[in-house]
Amino acid sequence: MIRNSLPKDCEAIYDMVCDMEQIKLDREAFEKIYHEQRNNMDYTCLVYERDGKAAGFLNLRVEWQLHHVQRIAEIMEFVVDYRNRGQGIGRQLLKAACETAEKMGCTQIEVACNQIRKRTHLFYQNQGMDRSHYKFSKCLDRMREINRLEI
């Protein structure tokens, strides 16, 4: 079942994000951001619930963009718990996110994905998404970058 996230989902979502990023994030800061986003109409966090627990989630941000002159939805985080992969949960979450974005007046949905996640790239392409952009980034926090490299 897919539903909007609840306060009780924070711990499971935290665990999935840490697993995806291969780093232990600051739990207190994560919880603060999670709850702030839940109260922000520009964010929608969808959860796939199985046996009363979050088995996957997709966090969507919607905003007006000048270069499109339209509302655009961007997938900020999207993870299926490793124990639940290969069961169609990701496809269902992405479909629900597209439907949600359309209802919010969006004309496009976008996602950025780390280059090392080749299987994830194939997933997005198999779901009809085009590989039409590059995303560039630069770490501005030297200590965070050093800590990330040590993992």
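A residue is termed buried when its relative accessible area is under 20%, exposed when this value is over 50%, and partly exposed in between, with a 1.4 Å probe and protein chains only. The structure is a predicted model, in which local features need pLDDT of at least 70 and side-chain atom pairs count only at pLDDT 80 or more, whereas totals for chains, interfaces and linings use all residues. Residues are numbered from 1 along each chain as its sequence is written, and side-chain values use heavy atoms, without hydrogens and water.

The protein contains five helices and five strands, where helices (H or I, at least four residues) and strands (E, at least two) are DSSP runs numbered from the N terminus. The order of these elements from the N terminus is β-α-α-β-β-β-α-β-α-α. The C-alpha trace spans about 40 × 40 × 30 Å along its principal axes.

Of the 151 residues, 36% are buried. Contact means heavy atoms within 4.5 Å. Among contacts between residues at least 6 apart in sequence, 57% join residues at least 24 apart.

A nonpolar core is defined as a set of buried Ala, Val, Leu, Ile, Met, Phe, Trp, Tyr and Cys residues joined through side-chain atoms within 4.5 Å. In soluble globular proteins, nonpolar side chains tend to be buried together. The largest such core has 20 residues, of which Leu-58 and Leu-60 touch the most other members. At least two residues of this core come from each of strand S2 (43-50), strand S3 (53-65), strand S4 (70-80), helix H3 (89-103) and strand S5 (106-111). The greatest contribution, six residues, is that of H3. When residues up to four places away in sequence are not counted, Leu-58 touches Thr-44, Cys-45, Leu-46, Ile-75, Glu-77, Phe-78, Leu-93, Leu-94 and Ala-97. Another core, of 16 residues, lies apart from the largest one and includes Cys-18, Ile-23, Phe-30 and Phe-57.

Met-76 is located in strand S4. Because its relative accessible area is 30%, Met-76 is classed as partly exposed. Residues up to four places away in sequence aside, Met-76 touches Asn-59 and Arg-61. Met-76 and Arg-61 are separated by 15 residues in sequence and by 6.6 Å in space, C-alpha to C-alpha.
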